[in-house]
Amino acid sequence: PLFRSFDFNSSFPVAAATLAEDSDLRKMRFELVPKKVTEETFWRNYFYRVSLIKQSTQLTSLTKATEQQRLEEAEEEEKGEKIAEKKSTAEVPLPTDEEVAVAGCPADEFIS
């Protein structure tokens, strides 16, 4: 999401908690605010970049889930083909000895 309507006041509690936990972020903020950027611009950029990382992580997770689903579907399809193969060979009954003997002799031939 774009931060066109970024509200610094509502984001401040999260920003303060983040500063308390991350010493590198505190150093960066000290170097940039207000010398290079305003406080609001600093946090707008920070939260925008965090949102990009979250989106990237979600896309990676979605891609992995899609790949896993495709693998599972392919495995199920392969199992279904094997089952169908077994059923098709199992459904064809083997001829009995009498059927083989009768099939071996033409019906119109005279046997004496």
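What follows is a short chat about the helices, the core and the aromatic rings of this predicted model.

Biologist: Which residues make up the largest nonpolar core?

Modeller: Helices α1 and α3 each put at least two residues into this core. It has nine residues in all: Phe 6, Phe 8, Ala 15, Leu 19, Leu 25, Val 33, Phe 42, Trp 43 and Phe 47.

Biologist: Leu 19 is on that list. Leaving out residues up to four places away in sequence, what does Leu 19 touch?

Modeller: Two of its partners, Leu 25 and Trp 43, are core members too.

Biologist: Now the rings. How many aromatic pairs are there?

Modeller: Two rings pair if their centres lie within 6.5 Å. Going by that cut-off, the count is six aromatic pairs.

Biologist: Take Phe 6 and Phe 47: is that pair stacked, edge-to-face or tilted?

Modeller: Planes under 30 degrees apart would be stacked, and over 60 would be edge-to-face. Here the centres are 6.1 Å apart and the planes sit at 35 degrees, so the pair is tilted.

Biologist: How many residues apart in sequence are the parts this pair ties together?

Modeller: Phe 6 and Phe 47 are both buried. Phe 6 is in the segment before α1 (8–21), while Phe 47 is in helix α3 (residues 39–91), so the pair links parts separated in sequence by 41 residues.

Biologist: What about Phe 42 and Trp 43, stacked or edge-to-face?

Modeller: Both are buried: Phe 42 has a relative accessible area of 6%, and Trp 43 has 1%. Their ring centres are 5.0 Å apart with the planes at 90 degrees, so this pair is edge-to-face.

Biologist: Last one: which residue lies over the face of Phe 30?

Modeller: To sit over a ring, the NZ of a Lys must be within 6 Å of the ring centre. Here the distance from the ring centre is 5.1 Å, and the residue over Phe 30 is Lys 35.

Notes: Residues are numbered from 1 along each chain as its sequence is written. This is a predicted model: local features need pLDDT of at least 70, side-chain atom pairs count only at pLDDT 80 or more; totals for chains, interfaces and linings use all residues. Side-chain values use heavy atoms; hydrogens and water are left out. Helices (H or I, at least four residues) and strands (E, at least two) are DSSP runs, numbered from the N terminus. Buried means under 20% relative accessible area, exposed over 50%, partly exposed in between (1.4 Å probe, protein chains only). A charge sits over a ring if NZ of Lys or CZ of Arg is within 6 Å of the ring centre and within 35 degrees of the ring normal. A nonpolar core is a set of buried Ala, Val, Leu, Ile, Met, Phe, Trp, Tyr and Cys residues joined through side-chain atoms within 4.5 Å. Contact means heavy atoms within 4.5 Å.
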